[in-house]
Amino acid sequence: MTDLVSLLHYGSIGLMACVSTIGVGMGQGSISRAAIDAINIQPAAQSNIVRIAVFGMVLLEFAAIAGVTFALFLLFGGTACLTLPVAVGEMGIALAISITGLLIGIASYYPAKEACLAVA
């Protein structure tokens, strides 16, 4: 039973930290690709396009920071009375944070992409 509790506890920490970071990485890569495409369209507006792309990436980074922060809260929080219901609750927290971080990371690149192309 303690193996299952430990698996759920540490699995939720890993899930929270990794999945939200993967989504943000995909979104930031897409923003970078859109910025490069916009610079290829209008090289004279490079400084404005880069500024918009960096601002979009900074806003997008909050999802990864939130995922890692909550993972650290679970890792260093009070785990002295870790039982199965607590571990299942932590897995629910991990799913809520990681799924929203993944979707925010993937979907939030659209406004930054359109802003870069609008400047171009």
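Here are some friendly notes on the predicted model above, point by point.

1. **Ground rules.** Since this is a predicted model, local features need pLDDT of at least 70 and side-chain atom pairs count only at pLDDT 80 or more, while totals for chains, interfaces and linings use all residues. Residues are numbered from 1 along each chain as its sequence is written, and side-chain values use heavy atoms, with hydrogens and water left out.

2. **Overall make-up.** The protein chain has 4 helices and 0 strands, in the order α-α-α-α from the N terminus. Helices here are DSSP runs of H or I with at least four residues, strands are runs of E with at least two, and both are numbered from the N terminus.

3. **Shape.** The C-alpha trace spans about 60 × 20 × 15 Å along its principal axes. The radius of gyration of the protein chain is 19 Å, whereas a compact globule of 120 residues would have one near 14 Å. That radius is taken over C-alpha atoms, and the globule rule is 2.2 Å times the number of residues to the power 0.38.

4. **Burial and surface.** Of the 120 residues, 32% count as buried. The classes are buried under 20% relative accessible area, exposed over 50%, and partly exposed in between (1.4 Å probe, protein chains only). The chain exposes about 6800 Å², and carbon and sulfur atoms supply 74% of that area. Accessible areas come from the Shrake-Rupley method with a 1.4 Å probe; for residues, only the protein chains shown count as cover.

5. **Contacts along the chain.** Taking contacts between residues at least 6 apart in sequence, 91% join residues at least 24 apart. A contact means heavy atoms within 4.5 Å.

6. **The largest core.** The largest nonpolar core holds 14 residues, and Val 24, Ile 31, Ala 35, Ile 49, Ala 53 and Cys 116 touch the most other members. Two or more residues each come from α1 (2-41), α2 (46-76) and α4 (109-119). By definition, such a core is a set of buried Ala, Val, Leu, Ile, Met, Phe, Trp, Tyr and Cys residues joined through side-chain atoms within 4.5 Å. There is also a second, separate core of 6 residues, which includes Ile 13, Met 16, Ala 94 and Ile 97.

7. **Cys 116 in detail.** Do have a look at this residue. Leaving aside neighbours within four places in sequence, Cys 116 is in contact with Ala 34, Ala 35, Ala 38, Ile 49, Ile 52 and Ala 53.

8. **A nonpolar surface patch.** Tyr 10, Val 68, Leu 72, Leu 75 and Phe 76 form a nonpolar patch with about 510 Å² of accessible area together. Helix α2 gives the largest share, 4 residues. Phe 76 lies in α2 and counts as exposed because its relative accessible area is 67%. Patch residues have over 30% relative accessible area and no salt bridge; like charges are joined within 9 Å, and nonpolar side chains (Val, Leu, Ile, Met, Phe, Trp, Tyr) within 5 Å. A salt bridge is a side-chain nitrogen of Lys or Arg within 4 Å of a carboxyl oxygen of Asp or Glu.

9. Gly 29 sits in helix α1 with 39% relative accessibility, and its C-alpha is 38 Å from that of Pro 85, 56 residues away in sequence. Arg 33, also in α1, has a relative accessible area of 49%; its C-alpha is separated from that of Ala 53 by 9.7 Å. Gln 46 is in α2 at 43% relative accessibility, and 35 Å separate the C-alpha atoms of Gln 46 and Ile 97.
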